[in-house]
Amino acid sequence: MTEIPIRICVNGEWRDLTVKPYERLVDSLRERLGMTGTKVGCGEGECGACTVNIDGKAVLSCLTLAAQADGKQIKTIEGLRKGAELHPIQKAFVEEGAAQCGFCTPGMIMTAEAMLGQDPNPSEENVRKTLANNLCRCTGYDKPVKAILKAARELRGANHE
Amino acid sequence: MSISFTPSAYYRPDSLREAVALLSNLRGKARLIAGGTDLLVMKPSGVDALIDVGVLNLNYIKKKEGTICIGAATTVDLVENSPLLAGWPYQVLPEAAKSMATPTIRNMATIGGNVCNGSPAADLCLALMALDASVSLVAPKGGRTLPLKDFHVGVNRTVLAEDELLAEVLIPKSAGGASFLKLRRHQTAVDIAVVNVSTRLNCVNGRCVDARIVLGAVAEKQICAQKAQGLLLNQIVDPGVIQKAAEQAAEEARPIDDIRASASYRKRMVAVLVRRSLELSAGRCRA
């Protein structure tokens with residue numbers, strides 16, 4: 001078994017890891033780095049609970065090998081808040097009651113974060129389309145969609161200041 | 001994760017020559033990995049090594065002497081938004097890309113993966129075949145280029161030799177209007193097509209001079225409905241001709257029953273989708 005040395009930048013901090021050839025990025029994040037905010041749901045790319053952002057794009061960390069992420073910028077749910085202050089998307093999820101059991105929430109928020117990075121003013125339809133890869137079995141989607149639109153308004157406002 | 005999918009080596013070659021040398025040395029025991037959205041779901045057994053195509057510089061869409069060249073590792077989201085593919089008939093490829101899976105999967109999945117996976121329902125393959133695309137293959141002994149329609153030999157089977165890799169997809173200069181349509185169950189966005197079709201029509205003064213009708217998920221691979229195409233050639237493209245061609249295309253489909261639909265339903269839907277797709281193509285041809 002070859003062990004592969006990789007260097008990944010997680011939430012702004014470069015980390016050196018030695019991983020297995022078939023090791024999933026989600027397992028490196030959770031088990032090697034202790035970042036358990038990213039969830040493992042289906043493991044087949046259907047549920048989106050494992051969504052993280054790589055180089056600004058939302059991707060599924062259960063279908064990404066750790067070795068493929070070598071040299072890349074990875075953002076996880078742990079990287080969003082600034083000190084004690086939640087990110088506007090996180091805040092909006094709390095305010096809108098967009099989380100119930102919370103298992104899908106990190107994935108939804110990371111999908112939203114990447115989307116708002118590319119499109120600061122998405123239509124409701126686009127938010128719904130973009131969330132197609134995030135399954136929720138508790139609240140459904142109305143509250144997350146509302147929360148994301150609210151966060152988008154908030155972020156646009158903040159950028160004008 | 002399946003315990004059978006435990007490759008013991010991982011390579012990240014930075015040249016095509018090195019990549020095909022690895023494939024050759026590993027004699028069928030290695031698998032290429034690009035987006036991972038098929039391989040890491042299938043987790044096939046008997047894979048000893050992975051060869052990551054991520055640093056082969058195959059992520060591009062460019063134009064060379066009228067031909068649009070798309071690197072095999074180009075992700076689907078780039079295909080969706082490429083200015084080189086804006087305008088008919090090329091826009092049929094972004095149209096197919098937008099219908100594929102979900103935005104998150106499209107950020108990862110690659111055009112080469114969609115082609116090499118060899119699913120008879122692969123959305124991009126249909127649009128590419130409607131555009132007469134070909135594929136450029138590289139092996140240690142050299143390269144070859146062949147029409148995409150000759151690349152697949154069955155479900156998940158291609159003509160790729162064990163030391164050969166798909167480097168580029170080529171779309172020749174094309175004309176006319178084109179369309180891609182897909183019927184799928186709407187419980188989940190990630191589900192594949194029940195039936196998908198792509199058509200291209202080129203008309204001069206309303207008379208058809210070139211026609212493509214490509215059918216997906218109704219045979220062991222994507223197929224051109226040759227006889228239906230023949231019914232359109234040299235005809236004034238009116239609703240009657242379109243209807244006849246659509247019915248003929250359904251005759252040429254040879255679907256199976258599976259969990260998504262019955263064979264007889266698929267055949268009927270081929271007629272509906274081909275009719276609508278030809279109407280759209282004809283409209284876009286005039287546009």
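Asn57(B) lies in the loop that runs between β3 and β4 of chain B. The model is predicted. Phi of Asn57(B) is near 55°, a positive value in a residue other than glycine. Most residues other than glycine have a negative phi. Asn57(B) has 12 C-beta neighbours inside 10 Å, and the limit for an exposed residue is 12 or fewer, so Asn57(B) counts as exposed.

Lys43(B) also has a positive phi, of about 45°, although it is not a glycine. Its place is the loop between α2 and β3 of chain B. Here 16 other C-beta atoms lie within 10 Å, so Lys43(B) is partly exposed. A further backbone feature is found at Pro89(B). The peptide bond that joins Trp88(B) and Pro89(B) is cis, with omega about 5°. Most peptide bonds are trans. Pro89(B) sits in the loop between α3 (76–81) and α4 (92–98) of chain B.

Strand pairing in chain B is described next. Strand β3(B) pairs with β1(B) through 3 bridges, and the two run parallel. Within this pair, Tyr10(B) has Leu50(B) of β3(B) as its bridge partner. Strand β2 (residues 30–33) of chain B is joined to β3(B) by 4 bridges, again in parallel.

An open sheet in chain B is built from 5 strands in the order β4-β5-β10-β6-β7. Its pairing is antiparallel. The edges are taken by β4 (61–64) and β7 (142–147) of chain B. Each has a single partner strand, so one side of each is left without a neighbour in the sheet. From one strand to the next, the twist averages 25°. Lys62(B) stands opposite Cys69(B) of β5(B). Helix α1 (residues 16–26) of chain B lies across two strands, β6 (134–139) and β10 (165–171) of chain B. Its direction makes an angle of about 130° with β10(B).

Helix packing was examined for α9 (residues 239–252) and α10 (residues 263–286) of chain B. Two packed helices are described by the angle between their axes and the distance between the axes. For α9(B) and α10(B), the angle is about 145° and the axes are 8 Å apart. The crossing of α9(B) past α10(B) is right-handed. On the α9(B) side, the contact is made by Ile242(B), Gln243(B), Ala245(B), Ala246(B), Glu247(B), Ala249(B) and Ala250(B). The residues from α10(B) include Val270(B), Ala271(B), Val274(B) and Leu278(B), with Lys267(B), Arg268(B), Arg275(B) and Glu279(B) also taking part. By class, the residues of this contact divide into 9 nonpolar, 1 polar and 5 charged.

In chain A, helix α3 (residues 105–118) has 14 residues. From its first C-alpha to its last it reaches 20 Å, close to the 20 Å expected at 1.5 Å a residue. Helix α3(A) is mostly covered, with 12 of its 14 residues buried. The buried residues run from Thr105(A), Pro106(A) and Gly107(A) through Met108(A), Ile109(A), Met110(A), Thr111(A), Ala112(A), Glu113(A) and Ala114(A) to Met115(A) and Leu116(A).

Ile6(A) belongs to strand β1 (residues 4–10) of chain A. Ile6(A) has 21 other C-beta atoms within 10 Å, and 20 or more make a residue buried, so Ile6(A) is buried. Leaving aside neighbours within four places in sequence, its contacts are Leu17(A), Val19(A), Ala66(A), Ala67(A), Ala69(A) and Asp70(A). Between Ile6(A) and Gln118(A) the separation is 112 residues in sequence and 28 Å in space, C-alpha to C-alpha.

The two chains also touch. The contact takes 25 residues from chain A and 23 residues from chain B. On the chain B side, the elements that give two or more residues are β1 (9–11), α2 (39–42), β3 (49–52) and α5 (103–106) of chain B. Helix α5(B) gives the most, with 3 residues. The side of chain B that touches chain A has 14 nonpolar, 8 polar and 1 charged residues.

Conventions:
Residues are numbered from 1 along each chain as its sequence is written. Chains are lettered from A and ligands numbered from 1 in the order in which they are written. This is a predicted model: local features need pLDDT of at least 70, side-chain atom pairs count only at pLDDT 80 or more; totals for chains, interfaces and linings use all residues. Two residues are in contact if their C-beta atoms, placed from the backbone, lie within 7 Å. Ala, Val, Leu, Ile, Met, Phe, Trp, Tyr, Cys and Pro count as nonpolar, Asp, Glu, Lys and Arg as charged, and the others, Gly among them, as polar. Two strands pair if DSSP finds at least two bridges between them. Axes are lines fitted to C-alpha atoms, for helices over the stretch in contact, and angles run from 0 to 180 degrees between N-to-C directions. The expected span of a helix is 1.5 Å times one less than its number of residues. A crossing is left-handed if the near helix is turned anticlockwise from the far one by less than a right angle, and right-handed if clockwise.
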